[in-house]
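My notes follow in the order I took them.

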Amino acid sequence: SSGPVGILTKDKISLFHQLLSTEKYNISSLSKEVVLLKVYTGMREDLLETLLKTQIDGLVLEAFGQGNVP
């Protein structure tokens with residue numbers, strides 16, 4: 001499924017789904033390329049479109065407000 005897992009505000013963390021179980025993994029190395037992109041006011045969409053044309057394995061958007069993206 002896609003979309004946000006939850007919302008983090010100044011006061012609380014709200015999850016949209018309840019976990020059925022949890023798993024922990026011992027990580028000894030990283031082999032995937034995941035980009036962290038900080039969203040900003042006035043950001044042009046071609047920046048994101050260009051990034052998505054690359055061979056990344058994942059993308060994390062750091063948005064503002066309650067996940068709002070221009």
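I count a residue as exposed when its relative accessible area is over 50%, and as buried when it is under 20%. The model is predicted.

**Surface patch.** I looked up Ile13 first. Ile13 lies in strand β2, residues 13–15. Its relative accessibility is 63%, so Ile13 counts as exposed. I then checked for a nonpolar patch on the surface. Val5, Leu8, Ile13 and Leu15 form one, with about 460 Å² of accessible area together.

**Salt bridges.** How many salt bridges does a search of the whole structure find? I got two.

One joins the side chains of Lys38 and Glu62, at 3.4 Å from N to O. This pair links distant parts of the chain: Lys38 sits in strand β3 and Glu62 in strand β4 (residues 58–62), 24 residues apart. Lys38 has 55% relative accessibility and therefore counts as exposed. Glu62, at 35%, counts as partly exposed.

Arg44 forms a salt bridge with Asp46. Their closest N and O atoms are 2.5 Å apart. I noted Arg44 as exposed, because its relative accessibility is 57%. Asp46 comes out at 32%, so I logged Asp46 as partly exposed.

**Val39.** Is Val39 buried or exposed? Val39 has 5% relative accessibility, so it counts as buried. I placed Val39 in the loop between β3 (34–38) and α1 (45–52). I also checked Val39 against Phe64. The two are 25 residues apart in sequence. In space, their C-alpha atoms are 7.4 Å apart.

Conventions
Residues numbered from 1 in each chain as written. Predicted model: local features only at pLDDT ≥ 70, side-chain atom pairs only at ≥ 80, totals over all residues. Heavy atoms only, no water. Helix = DSSP H or I, 4+ residues; strand = E, 2+ residues; numbered from the N terminus. Buried < 20%, exposed > 50% of the residue type's maximum accessible area, 1.4 Å probe, protein only. Patch = residues over 30% accessible without salt bridge, like charges linked within 9 Å, V, L, I, M, F, W, Y side chains within 5 Å. Areas by Shrake-Rupley, 256 points an atom, 1.4 Å probe, with all protein chains shown as cover. Salt bridge = Lys/Arg side-chain N within 4 Å of Asp/Glu carboxyl O.
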